[in-house]
Amino acid sequence: MKTRDRIIEASLQLFNEQGERAVTTNHIAAHLGMSPGNLYYHFRNKQQIIAELFERYAAEAEQNLALPEGRALDLDDKARYLETMGATMWRYRFMLRDLEHLLASDTQLAARYRAFSRHALHAIEAIFQGTIDAGILDARYANAEVLALNSWLLMTSWVNFLCTTMLNDAQDDLTPQMLRRGVYQVLAQERGLLSEAARPEVEVMLERLYSPLAAD
């Protein structure tokens with residue numbers, strides 16, 4: 001692995017485990033066993049590392065949200081969207097947890113995020129419209145724009161909800177199961193809008209994604 005990629009992967013690990021605000025470039029360099037000067041050769045500061053991580057997150061999310069080419073959307077596509085969404089949320093969970101702080105600290109990142117967020121909303125709306133056109137959701141009741149907005153709000157606020165409401169203190173760890181529950185919540189909003197033909201398979205997806213959230 002190239003040194004630049006090693007720095008990115010180590011930063012992502014430390015940000016996820018400890019929180020972005022608790023990690024400095026010196027911590028990242030020490031974790032990798034390199035001098036701070038070597039790290040600064042590749043990234044002048046932590047903001048550049050975060051910007052690079054965001055670009056990777058955005059590219060992965062946009063790729064995951066692409067519509068199938070040359071055919072209608074089907075339930076296999078729906079399952080893929082859900083699985084890749086959960087994986088991306090888990091991989092970049094620090095960004096979702098600390099999003100408000102990250103955007104307030106970097107005006108360029110904030111502008112880039114606004115553009116990405118709007119593009120993602122349009123892509124998700126197109127997916128929902130595809131599920132309506134394919135007869136997975138009942139066209140009489142389903143509204144692609146409303147479902148896209150609700151889904152994006154759930155996805156981008158889920159990690160913050162877990163940290164502020166479900167975890168007892170900062171030492172508690174997020175788990176992949178907690179993130180999967182967020183994906184379940186996105187799918188569960190469609191339960192009353194499903195066509196009868198799609199309902200059995202979607203119910204299986206819901207059962208697979210469900211994970212209880214215990215709170216004191």
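Predicted model: local features only at pLDDT ≥ 70, side-chain atom pairs only at ≥ 80, totals over all residues.

A: D138 is buried, because its relative accessible area is 16%, and the cut-off for buried is under 20%. The partner of D138 in a salt bridge is R140, with the closest N and O atoms 2.7 Å apart. R140 counts as exposed, with 65% relative accessibility.

Now for some other pairs. In general, side chains of opposite charge can pair when their charged atoms come close. The count for this model comes to 16 salt bridges. One of them is formed by R112 and E55, whose closest N and O atoms are 3.0 Å apart. This pair links distant parts of the chain: R112 sits in helix 8 (residues 107-133) and E55 in helix 4 (residues 46-64), 57 residues apart. R112 is partly exposed, at a relative accessible area of 27%, and E55 is partly exposed too, at 36%.

Another salt bridge brings E196 together with R199, and here the closest N and O atoms are 3.7 Å apart. E196 is exposed, at 62% relative accessibility, whereas R199 is partly exposed, with a relative accessible area of 24%.

The domain assignment gives domain 1 (1-44) and domain 2 (46-209), and their C-alpha centres lie 28 Å apart. Domain 1 puts 19 residues into the contact, and domain 2 puts in 16 residues. About 1700 Å² of area is buried between domain 1 and domain 2, with carbon and sulfur atoms giving 53% of it. Across this interface there are four salt bridges, along with 11 residue pairs in polar contact.

Helix 1 (3-18), helix 2 (25-32) and helix 3 (36-42) each supply at least two residues to the side of domain 1 that touches domain 2. Helix 1 gives the largest share of that side, nine residues. Sorted by class, the side of domain 1 that touches domain 2 has eight nonpolar, five polar and six charged residues.

Note on methods: Residues numbered from 1 in each chain as written. Heavy atoms only, no water. Salt bridge = Lys/Arg side-chain N within 4 Å of Asp/Glu carboxyl O. Helix = DSSP H or I, 4+ residues; strand = E, 2+ residues; numbered from the N terminus. Buried < 20%, exposed > 50% of the residue type's maximum accessible area, 1.4 Å probe, protein only. Domains from an automatic or database assignment. Contact = heavy atoms within 4.5 Å. Buried area = accessible area lost by both parts, 1.4 Å probe. Polar contact = N/O pair within 3.5 Å; in protein donor to acceptor, adjacent residues only side chain to side chain. Nonpolar A, V, L, I, M, F, W, Y, C, P; charged D, E, K, R; others polar.
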